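Here is a short report on one protein chain. Take a look at the sequence and the 3D structure, then read on.

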Amino acid sequence: MTVREPEDTHRTMILGRTGTGKSQFGLHLLSEQNWDHMPWVMIDYKGEDLIADILAQNGWRKVRKGKKVMLVRGMDSPIRELEFGDKIPRKAGLYYMNPRPIVDDDAVEAWLLRAHKQGNIGLFIDEGYAMPRFGSGPGFTMILTQGRSLHIPVICLYQRPVWMSRFAIAQADFISVFKQGDERDEKVTKNFCKPAVLPNGNKLGPMDLDKLPDYYSLWHDVGRGETAILKPAPDRRIILQTFKDRLSPRQQRNFV
């Protein structure tokens, strides 16, 4: 089976409990997206360690304030920080936002509505359940339902499929499923992720992932109605190097 990867209009949902490898896989996908031709925004609710490392190796500094370590963008960093009041970016490249769940819901909702109105912008969201209304707010719903025509690709991570918006499921082009920690999540996931067919004819679905080695996952191509078993994402060092190479000054001169 030839496995398709997301292109610049696709919506990809990545599901799995903490520690299963979903963030690393999601950032691997992001490292290969077309942010040399359009803006992509990392919306980082949880302060993902790998995102912090990507920022740190590309001109952001770690600053300690009491017991908390914060990331501060250096003037020459190729990854730009976005505030809620900033204009929606039009220039190709990577951007970073670090909203607070619940506290920033109104600001995030307004920002998503403006992004929907403009179009031509990619979104990487970690975690989807932290979005306004658990990802069911009007801004994200409109992006999911109209994002293909508006050229708004999405990569969104969820720990709990039972909390997912039905639009996130219905509008997904690809669904990645890692090991889940709750039988309710497994039952929900099997309703929209077909099992993979093994060479011996047996099937392996979302409720069977504990039979696989750690960090393996299912990759469901909605358009083709096919599911493959994927090995773990590349090592984090490889992912970091990919971002570093693509964000180098020489490569940035090719951004359009």
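Which residue caps the N-terminal end of α2? E48 does, with a side-chain oxygen 3.1 Å from the backbone nitrogen of L50.

## About the model

This is a predicted model: local features need pLDDT of at least 70, side-chain atom pairs count only at pLDDT 80 or more, and totals for chains, interfaces and linings use all residues. Residues are numbered from 1 along each chain as its sequence is written, and side-chain values use heavy atoms, leaving out hydrogens and water.

## Helix α2

Helix α2 covers residues 49-56. Helices (H or I, at least four residues) and strands (E, at least two) are DSSP runs, numbered from the N terminus. In α2, L50, I51, A52, I54 and L55 are buried. Buried means under 20% relative accessible area, exposed means over 50%, and partly exposed lies in between (1.4 Å probe, protein chains only). An α-helix has 3.6 residues a turn, so residues three or four places apart point the same way.

## Two nonpolar cores

A nonpolar core is a set of buried Ala, Val, Leu, Ile, Met, Phe, Trp, Tyr and Cys residues joined through side-chain atoms within 4.5 Å. The largest one here has 39 residues. M13, V41, W111, L123 and F140 touch the most other members. Helix α3 (residues 105-118) gives this core its largest share, 4 residues. A second, separate core has 30 residues, including L50, I51, W60 and L94. In soluble globular proteins, nonpolar side chains tend to be buried together.

What does W111 touch, leaving aside neighbours within four places in sequence? W111 is in contact (heavy atoms within 4.5 Å) with V41, I43, L82, F84, I88, M97, I121 and L123.

H10 lies in the segment before β1 (11-15). Is H10 buried or exposed? H10 counts as buried because its relative accessible area is 8%. Its side chain reaches the backbone nitrogen of E7 at 2.8 Å. Setting aside residues up to four places away in sequence, H10 touches E5, R148, P153, V154, D173 and F174.

V154 sits in strand β8. V154 is buried because its relative accessibility is 0%. Beyond its neighbours within four places in sequence, V154 contacts H10, R11, T12, L123, I125, F140 and I143. The C-alpha atoms of V154 and V222 are 15 Å apart, while 68 residues separate the two along the chain.

## A patch on the surface

F134, V162 and W163 form a nonpolar patch on the surface. Together the three have about 280 Å² of accessible area. V162 lies in the loop between β8 (154-158) and α5 (166-170). V162 is partly exposed because its relative accessibility is 33%.

## Backbone exceptions

Most residues other than glycine have a negative phi, and most peptide bonds are trans. Where is a peptide bond cis? The bond from D126 to E127 is cis, with omega near 15 degrees. E127 lies in the loop between β7 (122-126) and α4 (138-150).

N120 has a positive phi, near 55 degrees. N120 lies in the loop between α3 and β7. H151 also has a positive phi, near 65 degrees. H151 is in the loop between α4 and β8.

Note on methods: Patches are made of residues with over 30% relative accessible area and no salt bridge: like charges are joined within 9 Å, nonpolar side chains (Val, Leu, Ile, Met, Phe, Trp, Tyr) within 5 Å. Accessible areas come from the Shrake-Rupley method with a 1.4 Å probe; for residues, only the protein chains shown count as cover. A salt bridge is a side-chain nitrogen of Lys or Arg within 4 Å of a carboxyl oxygen of Asp or Glu. A polar contact is a pair of N or O atoms within 3.5 Å; within protein, one must be able to donate a hydrogen and the other to accept it, and residues adjacent in sequence count only if both atoms are side-chain atoms.
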